[in-house]
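Subject: Structure handover

Hi,

Here is the structure for your pocket work. My notes follow.

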Amino acid sequence: MTLDLAYLRGSMAAIHSVLQHASCPQNVAFHFLAAASDDELRALIAASFPSLRFRVYHFDDSTVLRLISTSIRAALDRPLNYARTYLAALLPASVRRVVYLDSDLVLVDDIAKLASTHLPDSVVLAAPEYCNANFTSYFTPTFWANPTLSLTFAGRNACYFNTGVMVIHLERWRQGDYTRKIEDWMELQKRMRIYELGSLPPFLLVFAGNIAPVDHRWNQHGLGGDNFRGLCRNLHPGPVSLLHWSGKGKPWVRLDAGRPCPLDALWAPYDLFQTPFNLES
């Protein structure tokens with residue numbers, strides 16, 4: 001996960017939910033990427049979760065600042081949103097695979113089930129796919145009008161996936177130099193606008209159609225509404241293992257404002273700023 005002060009409340013709730021539902025919480029280890037004061041954030045995590053196994057890695061904003069293009073919502077342009085692209089470089093080589101989680105979600109199931117997702121030979125990434133989504137909408141008319149670019153997806157059954165929940169084989173990522181491949185698309189975006197939505201489209205360009213499937217229960221996303229108004233949304237049909245408030249509306253903001261959406265009540269029990277807890281009990 002990433003850590004920063006703006007989303008710290010969400011991160012704390014996410015960590016809390018993982019530990020509450022883990023069959024063996026003592027076996028869960030967190031790797032946090034932070035751009036701010038590592039010492040302050042490390043102290044906050046240690047004080048809140050005394051038994052947690054974790055490390056904090058410094059993410060230098062300058063790594064990606066030159067590559068970021070403005071998107072449809074300012075919050076999506078934060079450099080830390082792009083830190084997931086650099087996991088393979090920042091984490092030790094001994095870490096072969098990880099589960100990446102956004103900071104605006106909670107689990108209601110054992111993360112060991114997600115972590116054990118099968119990744120076939122040569123497959124780098126696993127995530128829930130949403131093939132009913134309008135895939136073309138994630139790229140501009142300029143992209144689709146250019147045959148050299150649009151042929152990127154030729155022969156690939158490319159579907160949308162949300163990068164807030166991913167199982168990543170870091171060893172294969174390193175071997176395939178996938179950070180450079182993502183950066184190449186970001187550099188092209190600086191020259192000719194081919195997408196509008198922050199850090200997601202480069203992942204789609206590199207991986208869509210070449211990922212291992214994960215059941216939709218592991219990313220009930222979009223609960224924060226769209227990127228403009230953040231209106232309330234309902235759950236998708238089917239079982240739920242992970243609730244994800246992707247989109248503009250964040251549950252802690254709406255709860256504090258006294259205007260929560262109905263599903264925000266499912267996030268509130270994990271809010272350590274409001275709910276007394278004892279991880280040792």
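The second largest pocket has a lining of 17 nonpolar, three polar and two charged residues. (Nonpolar is Ala, Val, Leu, Ile, Met, Phe, Trp, Tyr, Cys and Pro; charged is Asp, Glu, Lys and Arg; the others, Gly among them, are polar.) The volume of this pocket is about 550 Å³. Its lining comprises 22 residues, with Ala 29, His 31, Arg 97, Val 98 and Val 99 closest to the centre. β2 (29–34), β4 (97–101) and α5 (111–115) each give two or more residues to that lining. β4 gives the largest share, five residues.

This is a predicted model: local features need pLDDT of at least 70, side-chain atom pairs need 80 or more, and totals for chains, interfaces and linings use all residues. Numbering runs from 1 along each chain as its sequence is written, and side-chain values use heavy atoms, without hydrogens or water.

A pocket here is an open set of points on a 1 Å grid over the protein atoms alone, where a 1.4 Å probe fits, with protein on both sides within 12 Å along at least five of seven lines; lining residues have an atom within 4 Å of a point. Volume is the space filled by probe spheres on the points, joined across faces, edges and corners.

The largest pocket holds about 1,200 Å³. It has 50 lining residues; Tyr 160, Asn 162, Asn 227, Ser 246 and Gly 247 lie nearest its centre. By class, 16 are nonpolar, 23 polar and eleven charged.

β4 also belongs to an open, mixed sheet of four strands, ordered β4-β9-β6-β10. (Strands are DSSP E runs of at least two residues, helices H or I runs of at least four, numbered from the N terminus; pairing needs at least two DSSP bridges.) β4 and β10 (212–213) are the edge strands.

Best wishes
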